[in-house]
Amino acid sequence: MTHSPAAEHTPPTAVIAPPDLSVGAVRVPVLRALVDSVAPVLVVAGAEPRVRLHNQGARALFPALGDSDTFTARTVAPWLVRAQEQGLAAVDGAVRDRVFRATAQQLPGDCTGWLLTDVTAERAAVQRLSDERARTRFLVDASSKLLASLNQRRCLLVTAELAATKLADAAVLVTPDRGRRVAVTRMVRGGKAERLSLTVDIDQVPGLSEALAGFPPVPSRWISPDLAPDWLVPDGFGDLGSLVVTPLPGNGVPAGALILLRRTGQAGFDEDEELFARIFAARAGSAISAAVLYAERTETTSILQRALIPPPITRLEGIDLSSSYRPARSVDLIGGDFYDVHPPLRATGTGDEAAVGAGETLVMLGDVCGKGTGAAILTGKIRNTLAALRRLQPDHGELLQLLNATLLDEHDTQFVTLVLAGVLPVENGRLRLRLTSAGHPIPMIIRVDGTVEAAETRGTLIGAVPDTTSTTWTTLLQPGEACLLYSDGVTEARGGPTGREMFGDHRLRRTLAECTAMPVEAVVEHVALRTSQWLGGGEHDDIALLAIGAPRRGSHLSMVNGHGRGRYTG
């Protein structure tokens, strides 16, 4: 309720009547002057309610008092008459656009005096405080609900529901969609939200294109509801009386626009309501923008993961393969460990040049310094580089030299350890292995007689020094024998009784000795189980395992196993 400053200082109003007015002619003017100078007072006879005397303030407040001394709703305020009849000590009531507090004072002669004080400003301040507290509670509740999810659809629905319930009769959210289409989320108070994807002219709604561009909103009083297109108003809403269009601010780019609708007959949006709508829209826009950003990053991560996974190898003749990967953090799907399997290349040279690597399947397992997404991106670079370089240089030592030079040229401070295995099926179901280590844990061979043999290959890690050295070791796998490539996450796994002791090479050898004549799938599973039991739920590095086996006699053509089939898990 608004009022002018002058009205707050209205002169006191008084109506006074002593029980006996038979006073001298001189005393009456003096008494009236006194009454006119005091606060608003009405004096009412108790037995027969009527106005005995009133002052100028009372006459200004109740003009009918000039013609009648009856104390009724016609001459004074109805609420004041009821207070007199009920014997109340104080009461608040409105007279036109002002609010007064009337206080009863018992006077001699069975009379009651009513003191009227203007409390319009006080009541307005209390109401503003109450409204502000209610809005603060609403914003706290809205923030809690909006931040409860990073799903864009959920954020839009929550925004529409909150706005339609607390700010207007209906809410419409307009957000960018594909191409020239926009996504529209509409909800009427008490109804269900609906989502539409429309191709519309946003310029049909005054101020909408500006709001979607992030410009300040157009005042509601400047927008004619008659200009609103049919797609904006939900079905069954009724006649549109007023609307507000405000942007949904995002992280640098607007998340969309919020449109509030009120029916005909409802009060239009005032400046305070429009300002509050902008405050709410700012919080909603931040939540929606965060959900969009999360979805984009999730999609980017998914694309990176797919890019880092090599194409599946569905069948390898004469070679058994199995793999396993356990990331350092359970929330990661990719990390610093990696493996890859490349089918044989066609021989392009002659003589000894053609013999090196001819017909071999190249299997590699590596470990990049570091963890998480950064390490995974470097593994992608290394895998792609090796895939290209192997076509130019099948010799393991030369291949590692080229990879080392490539990493040093990129001035990357990270390095990688690698083990390469050239696998070639030969006569009688055997496999010829060429194994080359570059700073990586030495591959282990499980022989059919139960012995575990370490491959005799050594080398310097890649990407750390200008010149690398490596030795290539060749061996044969008899049918039923296997070779295990693994990362240091196995041998350096800390656990056991103290929780700090490393698993170590000796425990790995003992574990592999238990795997004699097992299929490669069982070998990988057994080592992964023993390592997990040793860790006991403790922290660990990335753990990668890849087993290469010569099929046992009488087995069918070997295929990559189900859980490791062409699957890059590091």
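Student: Is Ala376 to be read as buried or exposed?

Tutor: This is a predicted model, and local features are read only where pLDDT is at least 70. A residue is called buried when its relative accessible area is under 20%. Ala376 has a relative accessibility of 0%, so it counts as buried.

Student: Where is Ala376 found, and what separates its C-alpha atom from that of Asp337?

Tutor: Ala376 belongs to helix 10, which covers residues 372-389. Asp337 is 39 residues away along the chain, and the two C-alpha atoms are separated by 7.8 Å.

Student: Which parts of the chain does the pair of Phe138 and Phe276 tie together?

Tutor: Phe138 lies in helix 5 and Phe276 in helix 8, so this pair ties together parts that are 138 residues apart in sequence. Both Phe138 and Phe276 are buried.

Student: What is the geometry of the pair formed by Phe138 and Phe280?

Tutor: That pair is tilted as well: the centres are 5.5 Å apart and the planes make an angle of 35 degrees. Phe280 lies in helix 8 and Phe138 in helix 5, so parts 142 residues apart in sequence are tied together by this pair.

Student: How is burial assigned to Phe138 and to Phe280?

Tutor: The cut-off of 20% relative accessible area applies again. Phe138 counts as buried because its relative accessibility is 8%, and Phe280 is buried with a relative accessible area of 0%.

Student: Turning to charge, which residues gather in a patch of negative charge on the surface?

Tutor: Asp and Glu count as negative. Here the surface patch of negative charge is made up of Asp131, Glu132, Asp270, Glu271 and Asp272. Helix 5 (120-146) and helix 8 (271-308) supply at least two residues each.

Student: In which helix is Glu271 placed, and is Glu271 buried or exposed?

Tutor: Glu271 is placed in helix 8. A residue is exposed when its relative accessible area is over 50%; Glu271, at 59%, is therefore exposed.

Conventions. Residues are numbered from 1 along each chain as its sequence is written. This is a predicted model: local features need pLDDT of at least 70, side-chain atom pairs count only at pLDDT 80 or more; totals for chains, interfaces and linings use all residues. Side-chain values use heavy atoms; hydrogens and water are left out. Patches are made of residues with over 30% relative accessible area and no salt bridge: like charges are joined within 9 Å, nonpolar side chains (Val, Leu, Ile, Met, Phe, Trp, Tyr) within 5 Å. Accessible areas come from the Shrake-Rupley method with a 1.4 Å probe; for residues, only the protein chains shown count as cover. A salt bridge is a side-chain nitrogen of Lys or Arg within 4 Å of a carboxyl oxygen of Asp or Glu. The place of a charge is taken as NZ of Lys, CZ of Arg, CG of Asp or CD of Glu. Helices (H or I, at least four residues) and strands (E, at least two) are DSSP runs, numbered from the N terminus. Buried means under 20% relative accessible area, exposed over 50%, partly exposed in between (1.4 Å probe, protein chains only). Rings of Phe, Tyr and Trp (its six-membered ring) pair if their centres lie within 6.5 Å; planes under 30 degrees apart count as stacked, over 60 as edge-to-face and the rest as tilted.
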